[in-house]
There are 4 protein chains.
Amino acid sequence: MPRLAYLGPEGTFTEEALRTLAPDAERLPCANVSAALDAARQGEADGAVVPLENSLEGGITTTLDELAWGRQLLIVAELLLPVEFSLLVRPGTRMRDIKRVFTHPAAITQCRGFTARELPEAVVVAAPSTAAAAQEVALPGSPYDAAIAARIAGDNYGLVELVANVGDRSDTVTRFVRVARPGPLPAPTGADRTSLVAFLSDDHPGALLEMLTEFSVRGVNLTRIESRPTGDGIGRYFFHFDLEGHVSDARVGEAVSGLHRVSSEVRFLGSYPRADGLTPQVKRGTSDSDFAEAASWLARIRAGQV
Amino acid sequence: MPRLAYLGPEGTFTEEALRTLAPDAERLPCANVSAALDAARQGEADGAVVPLENSLEGGITTTLDELAWGRQLLIVAELLLPVEFSLLVRPGTRMRDIKRVFTHPAAITQCRGFTARELPEAVVVAAPSTAAAAQEVALPGSPYDAAIAARIAGDNYGLVELVANVGDRSDTVTRFVRVARPGPLPAPTGADRTSLVAFLSDDHPGALLEMLTEFSVRGVNLTRIESRPTGDGIGRYFFHFDLEGHVSDARVGEAVSGLHRVSSEVRFLGSYPRADGLTPQVKRGTSDSDFAEAASWLARIRAGQV
Amino acid sequence: MPRLAYLGPEGTFTEEALRTLAPDAERLPCANVSAALDAARQGEADGAVVPLENSLEGGITTTLDELAWGRQLLIVAELLLPVEFSLLVRPGTRMRDIKRVFTHPAAITQCRGFTARELPEAVVVAAPSTAAAAQEVALPGSPYDAAIAARIAGDNYGLVELVANVGDRSDTVTRFVRVARPGPLPAPTGADRTSLVAFLSDDHPGALLEMLTEFSVRGVNLTRIESRPTGDGIGRYFFHFDLEGHVSDARVGEAVSGLHRVSSEVRFLGSYPRADGLTPQVKRGTSDSDFAEAASWLARIRAGQV
Amino acid sequence: MPRLAYLGPEGTFTEEALRTLAPDAERLPCANVSAALDAARQGEADGAVVPLENSLEGGITTTLDELAWGRQLLIVAELLLPVEFSLLVRPGTRMRDIKRVFTHPAAITQCRGFTARELPEAVVVAAPSTAAAAQEVALPGSPYDAAIAARIAGDNYGLVELVANVGDRSDTVTRFVRVARPGPLPAPTGADRTSLVAFLSDDHPGALLEMLTEFSVRGVNLTRIESRPTGDGIGRYFFHFDLEGHVSDARVGEAVSGLHRVSSEVRFLGSYPRADGLTPQVKRGTSDSDFAEAASWLARIRAGQV
């Protein structure tokens, strides 16, 4: 039974993702994404489940930066989870009693319409996680009257759901990943994704164009690109890329090798089955057999056997 | 005397930026970036000053998204400001008394080394802004013992600086912009920047490559690219671009027109003097006079005067 | 009634092309392509008809170079003409009498199968044109026993057709163009072609890639590319391009302007109706109305009217 | 002592090239380029020397097409030879006696200035080769009064040089190649060239751009590109490419493999020392050691050893 760290406390959306990805795992809640990843790095856990991006808010920057900079971990699975927010209160609290709301900054943004309309007088305060907000609200003497969090967090901490689905959009999805210490990659399934991080070799104009060309010339499609600052001053970036295909695919292997050659650093973050099960369209001349045939041809011409 | 809204309360880094950008302006502090921009939109203020990106944390997503989606505003000036964090307490508080620290999430990240080393037992809680954290800590009966914020915030709210420069890096810089309602653009200075937002016409592979080619083929250099989710599901993005040059430059005008033609939407966010004063390297064949000469030539050949 | 110079003497394929392109024209036969073009340049004729390329032999290098280097002329029409070769002899000559065959070098190549199979002992000698070969064979005392030329040349010079269709392929096509001194261009028809010549600004690697990108980024398709030496040493080239569309089309105009800006020289050779009548596929965002709309948008954003 | 076929008869520029490339070889003159190449193909000779391109006239189309379409041969060496034309006559002939000049069509073009100026009344007739012209002029009763050819041809056939250097330019250079039946390639020297022929996979717009990108993305520079018609109708081409580097170089190998994958056919024509001895500039990330390091890195990440 694997032991998996996650962004806790109990009741977070991340816990829900972990239960879906690994129902039988032992769960180790951690105070934040960094702590969960550190638990996996240091062997306290066999891996970790953390949010990677949200369809409304974008990349979870802590996760992106931890995967790019800290001791290396590999993504081994992913999950897309719809995110539904509830307004949770201590039993007996009514709408008109709510003066202070506590929730995660992402939820502040995603529920802005509801709070402006239904709680125009309330102050909304940022919490470290939605579940931590629920936990805090549940404390006797809490300065907060309500939390916005997953319903499960209410169940865990003894709050009641005063309003369901308070998010401004009903189709918000968060992408969670399971990471592990480096080891054998998940086998290719034909519907895989590869994640990596690349640093520009220098900041010459066109460097990003060059990196994208390394992919396009081998027919490798990007499904995500996200820029992040390197921390070395305004205007210096590195990039997170998600690609269609598995690094064991010939076209993906040659593309990431090319990227490795022309970038100052490429960090491989894993190849793993896609949550959506989509199989990539393989462009003419870029299948594994096309690459194998071309390699044979090259060997022949190098030997003068034309 | 212009009246400018900004991310308040008094004592934020944004106030410092505003004082530098417009020393004589009347200052209107707002609870958050959205409120500051709305004040500018609705005429309560003549403009606003907000943070756009941070060299450590990346784009300020609220600002990026507000500029992309809300009623349109134009950037008219920018400022790069070094950011220095102080540990601020009520008079008499000692290090060993600090059990709960309140600060903005960006500062939590940027001061993680200090808090882990010097305050290993303390809980660090997220606040809406660093100045709001200082304001809260200053209240009698506050559950928080210290704030991490700008020194000026301590001065404003009666806190004392217990430790200066608690950030993990001493070279963190934040880029602030002054925005205004649409109107005549700042005149070109020869060292200008142009900001815009572009939405992919569709999600075909290579669409980003196409957008970048619209710039590179006209010799227009990018100084920033930042992807943001459209909110319509995982894997759908739009892009913030910062370009060298002014939209009145011929090469910039043709490039953004080209982008406009091939994108589903381009939103122009302004052309304004660069804070760093750098003048762009203009590639052969892309100066204004090259464009003017080519236009004359085209008119001649269209008339058969070859 | 226009007077048109052409590659003579009477009986060439070029005469046939001229009769089709301009049935009512007065015909001025010239000794070679250069002389025909010079007649047009100097006003002895109102224009000229010359071969431009052949589906088997490629570009007619004399024509390509004359159009690129000499005093400028514009292509105003084109014609595709199937080319059929006949073996022409003086009355009474039999196959076994043929020891020496006279014809144009292109015909030597295109009829190699026939001559090797049917006239293995005969010597095949190069003539300035197929009609000149027929003319020569018709002379009493000619050292040549047969000519390979168009049947019409036999009729003109009193030769008889001993074998028809002696070309190795039956689908050979030659493209002829009518040129004129510079003047108003033929009006766009929706199915037009534009021809031009471009010299690399320098020989840096990737210069050709850059030129092609000027077309592709505006959705302009090439129908022909042909490299020619500049005469300044091995490895220095200029290029003939044929494009889909008329230079009055916005996308074509911007593309050739871009080419003009980045090349050391671009010579416009004309826009004229395509012989095959094919209308181009106009890529999203590159129609005239797309360009007009983008120009209006650019004018608005430059005025700050966003 | 190798036996090498060449474009004869004795006295051609090709013989001069052969003598330079292989001083000790036995020389087998052939009537034309096709015959010389066939002698090499069929084993009558160990190889052949033929002209490939001329700095004034461009590619020698017969050679280009023979190498592209016939049974395969490999280029094993190249030579750049200045070409100087002489006006050759039978002893006793004076300028004013010259009514008919015989020479190769390329020489007709290259000496047009001289013949127009000095022999305005003379007819200039096309010969299969310059040496054949000299041979013919030397025959008693020849209808021709002069040949334009290499001085050596005059020596061979008993003609005298009436005027030296009658070419319009003094810097004309012809590139000759030595070809052999397939076998081990010449070893890399660090200053090599690779020749190949590629057919577009289909005629979609942008296919040539794609082919060039296969080279540029691996930092492989082109030194020559030449389009040739496939013979299947106007507008259908294949391409001759000369590249910097040897196919045993990693970057060249990967580039031509990539071209092979995306083209309908690539024919390798050889890797051999450059006549000019220039060593290529190897772009960052594309040296053999860069490729080897990238391959090791790829093997490691595929094994999960990150």
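Select A:V89 and A:V160. A:V89 stands opposite A:V160 in strand β10 of chain A. Strands and helices here are DSSP runs, numbered from the N terminus: E for strands, at least two residues, and H or I for helices, at least four residues. This is a predicted model: local features need pLDDT of at least 70, side-chain atom pairs count only at pLDDT 80 or more, and totals for chains, interfaces and linings use all residues. Residues are numbered from 1 along each chain as its sequence is written, while chains are lettered from A and ligands numbered from 1 in the order in which they are written.

**Stop 1: strand β6 of chain A**

Now select residues 86–89 of chain A, which form β6(A). Which strands pair with it? One is β10(A), residues 160–163, antiparallel over 3 bridges. Another is β9(A), residues 146–149, antiparallel over 4 bridges. Two strands pair if DSSP finds at least two bridges between them. In β9(A), look for A:A147, the bridge partner of A:L88.

Show the side chains of β6(A). A:S86 and A:L88 point one way, and A:L87 and A:V89 point the other way. Are these residues buried or exposed? All four are buried. A residue is buried if 20 or more other C-beta atoms lie within 10 Å of its own, exposed if 12 or fewer, and partly exposed in between, with C-beta atoms placed from the backbone.

**Stop 2: chain A as a whole**

Select chain A. It has 10 helices and 15 strands. Its C-alpha trace spans about 85 × 45 × 35 Å along its principal axes. Of its 306 residues, 54% count as buried. Take the contacts in chain A with a separation of 6 or more: residues 24 or more positions apart account for 72% of them. Two residues are in contact if their C-beta atoms, placed from the backbone, lie within 7 Å.

**Stop 3: the nonpolar cores**

Select C:A48 and D:A48. They have the most contacts inside the largest nonpolar core, which has 179 residues. A nonpolar core is a set of buried Ala, Val, Leu, Ile, Met, Phe, Trp, Tyr and Cys residues joined through C-beta atoms within 7 Å. Zoom in on C:A48. Leaving aside its neighbours within four places in sequence, C:A48 is in contact with C:L4, C:A5, C:Y6, C:A36, C:L37, C:A39, C:A40 and C:V179. In soluble globular proteins, nonpolar side chains tend to be buried together.

**Stop 4: where C meets B**

Show chains B and C. A rotation of 180° with 0.0 Å of shift along its axis superposes chain C on chain B, with an RMSD of 0.0 Å. That is the relation of a two-fold axis. Find C:V217: in chain C, its C-alpha is the nearest to the axis, 3.9 Å away. The superposition is by least squares on the C-alpha atoms of residues with pLDDT of at least 70 in both copies.

Here 33 residues of chain C are in contact with 33 residues of chain B. Select α8 (207–216), α9 (250–262) and α10 (288–302) of chain C: these elements give two or more residues to the side that touches chain B.

**Stop 5: helix α9 of chain B**

Select residues 250–262 of chain B. This helix, α9(B), has 13 residues and reaches 19 Å from its first C-alpha to its last. How many of its 13 residues are buried? The count is 12. They pack against β12, α8, β14, β15 and α10 of chain B, together with α10 of chain C.

**Stop 6: where C meets D**

Switch to chains C and D. The contact takes 36 residues from each of chain C and chain D. On the side of chain C, β13(C) gives the largest share, 8 residues.

**Last stop: an exposed loop**

Select B:A187, in the loop between β11 and β12 of chain B. Why does B:A187 count as exposed? Because it has 11 C-beta neighbours inside 10 Å.

Note on methods: The expected span of a helix is 1.5 Å times one less than its number of residues.
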